[in-house]
Amino acid sequence: MSKERITISPDLYDIMPPDYQDLVKHATYGKEDRGWKDIGTSKELLEQHSLCAGCPESMAFRYILAALPNPEDTVMVGSTGCTSLVFPHVAIHNIHSLFGNQNAVASGLKRALTVRFPNRIKDVVVLAGDGATVDIGLDMTLQAWFRQEKFTTICFDNELYANTGGQESGLMQKGFVAKMAPVGKLFDKVRLPEIARESGCHYIVNCTVSKPSLVERVVRNAVLIAREIGPTYLQLYTPCILEIGKDSQEGLQEMRDAEKPNERFAFKEYVSEPAKALLADLAAKAKDKKAAAKQLVS
Amino acid sequence: MDTTSIIGTKNRKEQIITDPRVMMNDAPRTPSFFTGSEVIKEAVRRANVDVMVAYPITPQSEAAALCGELFAEGYIGDYFRGESEFAVMSQCAGAAFGGARVFTTTAGPGTLRAMENFPMWAGARLPIQCIVTCRGINSPLSIQPDTIEIAYLMQTGMLVWHAETAQDFYDWILKGYMVSEEPDVHLPLALCCDGFFVTHTKDTVDLTPVEMCLPPYDPYRSPVPCMDMECPPVRMMRDPFVMKSNYISYATHASWQQEVWAAAERSRKHTIAWLDGLIETENVDADILIVASGTAVSQGREAIRLLADEGIRVGLVKIKTLRPWPEEELREATKRASHIIVPEFNVIGWLARELKATLPRTERIIAGPRVCGGMTMPPEIIVEGIKKALGMRSGVLAGRGS
Amino acid sequence: MSLNYVKFTPGFDVFMPKEYRDMVEHGPFGKKTTVSQMGSFKEILEEHPMCAGCAMTLFIRLAIIAFPNPEDTITVGTAGCGRLAISQAAIPFVYGNYGDQNGVASGLSRGLRIRFGDQPKDVVVMAGDGGTADIGFQQVLHSWFRKERFTTIMLDNEVYGNTGGQESGMTVRGAVLKMAPLGKKFEKMDMVAMAKIAGCAYIATVVPNNPRRVESCIKKAVLIAREVGPTYIQAYTSCNIEYAIPTDQVMADAKTVEDDRYKFTEYVSDEAKAYLTERYGYKEFVQKPAAAAVLTA
């Protein structure tokens with residue numbers, strides 16, 4: 001999308017809602033070095049949301065949207081769950097259709113955009129909860145990876161069905177007592193990052209969203225690798241503080257606890273060989289650019 | 001974008017983008033002897049389709065695979081096999097959200113597996129075309145022709161048309177896109193036929209020139225923005241409706257659903273222009289009428305011929321579109337009839353139910369004869385049904401005890 | 001099933017169909033029949049409507065002979081060629097919707113356990129690659145995640161055979177088939193790796209050429225599924241029609257494919273090894289002392 005598309009006709013400027021005016025003036029579409037540090041100094045692509053107070057998912061959303069390398073040409077696909085309460089507020093095109101079909105929708109979408117815009121970048125990013133990704137949508141999640149569809153899948157893993165009130169999900173830990181798991185969950189947390197690797201993902205990260213700089217880095221990598229090489233997967237711990245009995249100020253600490261070494265969300269990253277080459281290439285280019293800029297200044 | 005500006009230019013396969021009215025109404029036709037599945041392929045070849053998604057299920061597999069050959073030849077932008085019908089219909093949704101002209105096919109249990117998608121397509125105003133080659137869906141397993149799945153499709157908000165012949169099929173695939181992509185319609189189309197009877201039999205079909213194709217789909221004529229980041233990404237709503245349990249939320253949902261059905265109603269004028277009416281009639285001044293859709297119409301024609309030999313005059317109403325439902329047309333066509341016979345290829349008699357809910361003096365409507373589970377419908381049983389309704393002895397069919 | 005159920009009321013036997021009498025008199029129920037006795041007893045599956053030379057049929061016959069407890073075994077299947085044969089066998093066959101076989105089997109095996117307690121009722125799923133790896137993939141994986149105790153057998157002919165030869169997820173990359181007009185674009189799915197990550201207690205890949213091996217795999221898989229956890233067997237059962245293999249070359253093809261990319265592999269979890277050793281006297285999994293191993297080597 002060229003930025004002209006969102007500029008407001010001068011005659012109509014005053015009747016546009018202030019948040020749209022803000023979006024045109026202060027959003028970071030087209031800014032090359034956009035990132036989480038823009039938060040607070042620019043108009044975010046998500047500002048309002050209707051999640052619970054203290055919800056780590058709302059942080060994750062803001063970091064991800066700030067980190068997308070190319071928001072002006074990114075289309076997101078969501079699913080049913082807490083995320084579907086946020087997407088209507090997001091200032092990039094996004095699709096919600098059914099529960100669990102997000103990776104199928106994204107497959108069709110990415111292919112349609114490739115047919116329609118053969119010489120342009122159009123990034124597709126799926127963002128859905130653990131129920132959608134691993135339970136009801138598992139088939140479509142994995143089959144998109146088998147087919148090597150070129151888009152990014154992000155799973156907000158809060159380890160339960162939060163939006164429906166706290167039921168057991170496949171990504172819940174074994175033994176956790178929840179609705180529909182009245183004697184505790186009887187089987188292990190599904191090892192989706194490993195399955196993603198077997199299914200052909202080229203970049204996989206398992207982590208929490210406690211550090212915005214980390215979220216920025218992995219989101220950027222995931223989108224750029226998906227654009228050039230093949231499917232990528234991020235599994236981000238966004239605890240549902242409500243359902244695990246925490247208070248609104250305890251979300252960050254919960255994530256810090258869960259990411260300690262040997263804990264289930266200790267940072268893990270897998271990069272395939274072609275993806276490594278791409279990242280190295282991008283890093284080299286960035287370095288050259290920086291050096292050139294420095295030379296220009298001096 | 002004005003589509004007339006591209007008339008005369010060429011598409012990705014060097015076909016000439018032609019004014020659809022010229023292509024369908026004026027261009028020379030070549031009679032060709034093809035199976036129904038091949039006819040689907042030939043129509044898609046000329047439909048300028050961007051994306052098709054396929055999945056094997058009898059009896060549509062052949063058509064879906066033949067369309068794969070079109071992709072290999074360069075007529076379709078992208079084509080792949082999905083992993084289930086549910087996934088396929090979601091993949092079609094994704095492609096349509098992205099602004100592509102989308103085509104797919106399914107049948108019977110596949111239609112039911114995919115069902116959650118169909119009201120979503122209609123609600124999201126995606127003008128996808130789905131060919132439904134109807135077959136049995138019950139347990140025990142049947143792969144044979146049976147139209148029961150149409151009963152479900154009629155409640156989804158999709159346009160539902162029921163082709164009788166391969167010629168209908170050919171023309172309606174192409175015309176279907178023209179109707180369903182109109183900005184005031186913009187709804188998916190379930191284009192149904194009776195599996196095997198239409199897909200696996202050969203018929204002479206008059207084809208339009210192969211070098212002509214429909215204008216491409218223009219997603220910016222959609223009443224809702226397509227999701228390609230080429231139009232302003234305004235926040236869709238201040239509060240997601242799903243959050244709110246209040247009158248505003250209910251009213252929004254209610255008005256949206258009503259709008260979907262209103263859009264189907266608005267398709268009438270376009271459909272009438274393209275299909276030359278929502279119904280087709282013969283001798284509707286007769287006392288006795290056969291009202292049917294799909295291949296039951298063909299069997300009705302045979303029954304009418306048999307009865308004419310005995311001096312009994314019977315008229316015919318062929319229903320082409322089930323959604324929109326041709327209520328006014330049917331009232332007019334049946335106003336003089338004292339007996340209305342409704343032969344159907346399904347166990348529940350959905351067409352008779354629709355008619356009974358629409359026409360005055362329902363005692364005139366005879367719900368049947370019906371066959372199901374893949375049985376054929378010999379015209380003789382329609383003849384027998386008519387004679388029985390008239391209080392005549394028939395006894396033409398051995399062992400039926402009438 | 002008590003074996004009395006299959007016996008005739010005295011005096012009625014003359015009215016029973018020949019095959020039923022054969023089943024009672026010469027069938028394998030209650031006996032320990034083996035594949036090497038094939039041809040000397042009435043098989044549970046004898047007739048079938050499959051194509052001439054079909055390797056899948058041979059595999060299904062071998063598998064059914066190998067069931068450790070056929071009189072208490074229920075099979076579950078789905079749409080595809082396999083069901084055309086399995087549904088004609090003299091043991092119950094459950095058929096629901098396409099791809100739901102592992103969902104049905106989960107409910108079935110739990111229901112049978114509630115009703116029959118410790119008396120083993122073996123549930124064995126036999127479905128094609130489309131039913132297992134494509135349309136039913138999610139239900140297959142989730143049944144493994146949940147550690148459902150039944151056996152899943154994939155009849156892998158690497159194509160949708162029954163609908164006329166379309167690409168499946170188990171098709172090898174590059175194969176030109178219906179719905180893959182330019183050749184399949186992605187790799188054959190690695191279901192063995194999936195089964196491992198998902199927690200199957202026993203996993204094997206076999207071809208039907210070696211009947212004793214098939215028998216051994218099936219027996220272990222069914223026994224382990226009784227108590228330890230989910231088991232998975234992936235059998236190469238070529239579609240000689242869609243891959244144009246002459247009927248007299250079907251076994252040669254299986255051998256070639258076995259040598260090339262379908263080698264016999266077997267994974268047995270430690271828990272399953274201990275269980276087979278202790279409960280069923282399997283000697284092959286007895287831990288040898290390390291010193292002894294050095295001596296024999």
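This briefing covers the chain contacts, sheets, helix packing, domains and backbone details of a predicted model. Local features need pLDDT of at least 70 and side-chain atom pairs count only at pLDDT 80 or more, while totals for chains, interfaces and linings use all residues. Residues are numbered from 1 along each chain as its sequence is written, and chains are lettered from A and ligands numbered from 1 in the order in which they are written.

**Contacts between chains**

- Chain A contributes 34 residues in contact with 38 residues of chain B; two residues are in contact if their C-beta atoms, placed from the backbone, lie within 7 Å.
- On the side of chain A that touches chain B, two or more residues each come from β1, α3 (83–86), α4 and α6 (138–146) of chain A. Helices (H or I, at least four residues) and strands (E, at least two) are DSSP runs, numbered from the N terminus.
- Helix α4(A) supplies the largest share of that side, 11 residues.
- The side of chain A that touches chain B comprises 18 nonpolar, 10 polar and six charged residues. Ala, Val, Leu, Ile, Met, Phe, Trp, Tyr, Cys and Pro count as nonpolar, Asp, Glu, Lys and Arg as charged, and the others, Gly among them, as polar.
- Between chains B and C, 17 residues of chain B are in contact with 18 residues of chain C.
- Helix α3 (residues 61–73) of chain B gives eight residues, the largest share of the side of chain B that touches chain C.
- That side of chain B holds nine nonpolar, four polar and four charged residues.

**Sheet and helices of chain A**

- Chain A has an open sheet of seven strands with mixed pairing, in the order β2-β1-β3-β4-β6-β5-β7. Two strands pair if DSSP finds at least two bridges between them.
- The edges are β2 (94–95) and β7 (268–271) of chain A; each has a single partner strand, so one side of each is left without a neighbour in the sheet.
- Strand β5 (residues 203–208) of chain A pairs with β7(A) in the antiparallel sense over four bridges. N206(A) has K268(A) in β7(A) as its bridge partner.
- Helix α4 (residues 102–116) of chain A lies across β1 (74–77), β2, β3 (123–129) and β4 (152–157) of chain A, and runs at about 175° to β3(A). Axes are lines fitted to C-alpha atoms, for helices over the stretch in contact, and angles run from 0 to 180 degrees between N-to-C directions.
- Helices α4(A) and α6(A) pack at about 35°, and their axes are 7 Å apart.
- In this packing, N103(A), A104(A), A106(A) and S107(A) of α4(A) meet M140(A), T141(A) and A144(A) of α6(A). The contact of the two helices has four nonpolar, three polar and no charged residues.

**Sheet of chain C**

- Chain C has an open sheet of seven strands in the order β2-β1-β3-β4-β6-β5-β7, with mixed pairing.
- Strands β2 (93–95) and β7 (265–268) of chain C stand at the edges with a single partner strand each, so one side of each is left without a neighbour in the sheet. From one strand to the next, the twist averages 15°.
- β4(C) pairs with strand β6 (residues 231–236) of chain C in the parallel sense over six bridges. T151(C) stands opposite T231(C) in β6(C).

**Domains of chain B**

- Chain B is divided into domain 1 (3–221) and domain 2 (280–389); these bounds come from an automatic or database domain assignment.
- The centres of domain 1 and domain 2 of chain B, taken over C-alpha atoms, are separated by 27 Å.
- Contacts between the domains of chain B involve 20 residues of domain 1 and 20 residues of domain 2.
- On the side of domain 1 of chain B that touches domain 2, the elements giving two or more residues are α7 (149–153), β7 (159–162) and β8 (189–194) of chain B. β7(B) gives the most, with four residues.
- This side of domain 1 of chain B divides into 12 nonpolar, five polar and three charged residues.

**Backbone details**

- T58(B) and P59(B) are joined by a cis peptide bond with omega about 0°. P59(B) is in the loop between β3 (51–54) and α3 of chain B.
- R323(B) and P324(B) are joined by a cis peptide bond with omega about 5°. P324(B) is in the loop between β14 (321–323) and α11 (327–333) of chain B.
- F196(B), not a glycine, has a positive phi of about 65° and sits in the loop between β8 and β9 (202–207) of chain B. F196(B) counts as buried, with 20 C-beta neighbours inside 10 Å. A residue is buried if 20 or more other C-beta atoms lie within 10 Å of its own, exposed if 12 or fewer, and partly exposed in between, with C-beta atoms placed from the backbone.
- M179(C) has a positive phi near 70° and lies in the loop between β4 (151–156) and α7 (191–198) of chain C. M179(C) is buried, with 26 other C-beta atoms within 10 Å.
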